[in-house]
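Subject: Structure handover

Hi,

Here is the structure we talked about. Please open it alongside this note. My findings follow below.

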Amino acid sequence: MAITDRQNPNAEEKKKLFKLCPFFWQRRTTTASSSKPSFARSILPARRRLRLDPSSYLYFPYEAGKQVRSAIKLKNTSKSHTAFKFQTTAPKSCYMRPPGGVLAPGESVFATVFKFVEHPENNEKHKLNKKSKAKFKIMSLKVKPGVEFVPELFDEQKDQVIVERVLRVIFLDADRPSAALEKLKRQLDEAEAEAAVEVRKKPPPETGPRVVGEGLVIDEWKERREKYLARQQVDSIDSSS
């Protein structure tokens, strides 16, 4: 019994303190338990809103001195409308179409990336199947339904922007068949078909006079003059009577 008492010399003192200050111990326990989740949230990476295909690299056919294309599919996997935006470290030789946009939950889009390929030094194809210095950054931002994409959105809400991926460029031998090259060709075909559908959805721009029926041109100025003359004739009849 003496050994047990020596092993727990503060047991009775803790009981007395708890009886005197129960709220102190309850607050201390609650504070300690509530601080753990917030710390965990601070070290966890932000959850991505987009799924990219391909997810790590942008593949381009290698054709020195020419402008080549790559394609990437972006899908909104979040439950909210998401704006996306491209950035590149090589703006003089690369551009994206579209450079950004807004996707509804579950919606996807193909983006086409254009790049001019410089001639290699000493005419060596040393860049084939190797990483290029050019990089592409894809960012996302949660937006409200109905919001249209403008680049300024990402400047106005910097704290809410997530960097989805930083993609590196890899050149493929255009003359050597490969799985990556075949996939790139399929994605480029899908991107072109999707772009054609979007063009057909847009109403044609109104240029020149409006045509109704077979060759009947509506001249608004002529209509206004005829109405004016008709009113003048009515007024003259009223005044004479």
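**Salt bridges**

Glutamate 198 and lysine 201 join their side chains in a salt bridge, at 3.6 Å from N to O. A salt bridge here is a side-chain nitrogen of Lys or Arg within 4 Å of a carboxyl oxygen of Asp or Glu. Because they sit three residues apart in helix α5, glutamate 198 and lysine 201 are separated by about one helical turn. Glutamate 198 is partly exposed, at 39% relative accessibility. Lysine 201 is exposed, at 60% relative accessible area. The cut-offs: buried is under 20% relative accessible area, exposed is over 50%, and partly exposed is in between (1.4 Å probe, protein chains only).

Before going on, the ground rules. This is a predicted model, so local features need pLDDT of at least 70 and side-chain atom pairs count only at pLDDT 80 or more, while totals for chains, interfaces and linings use all residues. Residues are numbered from 1 along each chain as its sequence is written, and side-chain values use heavy atoms, leaving out hydrogens and water. Helices (H or I, at least four residues) and strands (E, at least two) are DSSP runs, numbered from the N terminus.

The structure has four salt bridges. One of them pairs aspartate 53 with lysine 183, with the closest N and O atoms 2.7 Å apart. This pair links distant parts of the chain: aspartate 53 is in strand β1 (residues 50–53) and lysine 183 is in helix α5 (residues 179–201), 130 residues apart. Aspartate 53 is partly exposed, at 29%. Lysine 183 is also partly exposed, at 31%.

Glutamate 192 bridges to arginine 69, with 2.8 Å between the closest N and O atoms. Glutamate 192 lies in helix α5 and arginine 69 in strand β3 (residues 67–76), so the bridge ties together parts 123 residues apart in sequence. Glutamate 192 is partly exposed at 42%. Arginine 69 is partly exposed at 29%.

**Nonpolar cores**

A nonpolar core is a set of buried Ala, Val, Leu, Ile, Met, Phe, Trp, Tyr and Cys residues joined through side-chain atoms within 4.5 Å. The largest has 24 residues, of which Ile72, Leu74, Phe86, Phe136 and Ile138 touch the most other members. Elements giving two or more residues to this core include β1, β3, β4 (82–88) and β8 (131–142).

What does phenylalanine 86 contact, beyond its neighbours within four places in sequence? The partners include Ile72, Leu74, Met96, Pro98 and Lys137. Contact means heavy atoms within 4.5 Å.

Another core, of six residues, lies apart from the largest one. Among its members are Ala83, Leu141, Val143 and Phe154.

Best wishes
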